[in-house]
Amino acid sequence: YPNDPADQAIQLTNDDATVSRLSAVQLGYFDDPFVKYFVKRPTRRMPIINRGSYIRSRALDTLVQQFLSIPCLSASKKKQIVNLGSGFDTRYFMIKSGALNTKTSRLESSFSNYFEVDFPENVVKKARIIKQRKELQVILQQRSSDNDDDNDNQQQPDIRLEKGGTELSSHDYHLIGGDLRQWDQVVERLFAHGLDPQVPTLFLSECVLIYLPPDSATGILDWIQTTMSDCVFALYEQIRPDDNFGKIMIRNLQVTKLYTMWERMRNIELKGIHDFPSLAHQERRFLDVGWDNAMALDINTIHNSVLDQQERSRIAKLEIFDEMEEWHLLSEHYCVAWAYKSNHYEEFFAKHLGLKTLV
Ligand code: SAM
């Protein structure tokens, strides 16, 4: 699909996601010392957008922390994370720097390989930023001293930029340019970079599957559960297509004078929203292709019923927030869903994964 204007618009949604994340970070919703490196022109977002970025990030981070600390897995460093449509996501850097450690788990050296896939156009940009930033390279080169495999590989050059800048890898990080609609080709590159189907693996996808033709997205979920022996999926995306969603987004983008973003969004089709419009559909999209278990919650519910009361009060004080009704309407249109399929650890996944409270 080279140079397709619709694809370009989808690639640019990454800039909006990154600017929104930085906006929430700068206002004190959460910490991320790395996101600033990926934004040229910081812009303050509306309070409802900042709150949404925060809840989404906390929810996904919680699932990542749970996966990396599952007791039967945490003794071994052998675990993988694959982020599909990763854009300028900073989670690899957050984990490696210790920023996602919990009171009980140190996660810096808790995985063996971390893969990110996005369109080559976005990967080239991300790889360039990483190559320009010493702060990021230091983290890519950081090895855990207690791992024998790593010591065996000490001779390799640490950061390799390959395929015209569309692939960048270190001993535990692999940034891969590819089109998720051409999944066979993506899979070939994941295997070339060391994806191991026998190693427990967490797949992440934030605001990505919705842009794919529904059959492509379903094919990916099917491939994962068929191929990987123990896997977890965590996704975030839009649900419940109706007028409120469109109206609120239009109003917000106009009020905040984000006309370019609005222009872009108008031309983007949320392909998956009609096939997976509700929480039940989001759960069934996994169960129908053979995953063992799946759950979905909307952001409104996560904010009201899952987020700790003290945290809710803390974030309520960060900005003047007088758009309660809009917040409720908007946050019902986004969901977090998670699923697992396991040959060896089902009872551990059942016990330790889920959004009961946001840690
Ligand atoms: N996951 C990142 C985040 O949450 O910050 C980025 C989200 S952005 C809204 C959507 C991302 O999905 C973009 O980076 C886009 O390029 C990527 N994407 C969408 N369709 C894709 C495809 N067919 N192949 C590869 N990447 C795709």
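Trainee: Which residue stands opposite L168 in β5?

Mentor: L175 stands opposite L168. Keep in mind that this is a predicted model, where local features need pLDDT of at least 70, side-chain atom pairs count only at pLDDT 80 or more, and totals for chains, interfaces and linings use all residues. Residues are numbered from 1 along each chain as its sequence is written.

Trainee: How many bridges pair β4 with β5, and in which sense?

Mentor: Strands are DSSP runs of E, at least two residues long, helices are runs of H or I, at least four long, and both are numbered from the N terminus. Two strands pair if DSSP finds at least two bridges between them. Here β4 (residues 167–169) and β5 share three bridges and run antiparallel. A hairpin of three residues connects β4 to β5.

Trainee: Which bridge partner does F115 have in β5?

Mentor: The partner of F115 is H174. Strand β2 (residues 113–118) runs parallel to β5, and five bridges join them.

Trainee: Are the faces of β5 covered or open?

Mentor: In a regular strand, side chains alternate between the two faces of the sheet. A residue is buried if 20 or more other C-beta atoms, placed from the backbone, lie within 10 Å of its own; 12 or fewer means exposed, and in between is partly exposed. In β5 (residues 173–177), five of five residues are buried. Y173, L175 and G177 cover one side, and H174 and I176 the other.

Trainee: Which positions does the UniProt "binding site" annotation cover?

Mentor: The unreviewed entry lists R56, G85, D179, L180 and E206. They span 151 residues in sequence, and the farthest two C-alpha atoms are 24.4 Å apart, so they do not all gather at one spot. Such annotations may be inferred rather than shown by experiment.

Trainee: Where do R56 and L180 lie?

Mentor: R56 is in helix α2 (residues 47–69). R56 counts as buried because it has 23 C-beta neighbours inside 10 Å. L180 sits in the loop between β5 and α8 (183–192). L180 is buried too, with 21 other C-beta atoms within 10 Å.

Trainee: Which helix gives the largest share of the shell around the ligand?

Mentor: Helix α1 (residues 5–26) does, with five residues.
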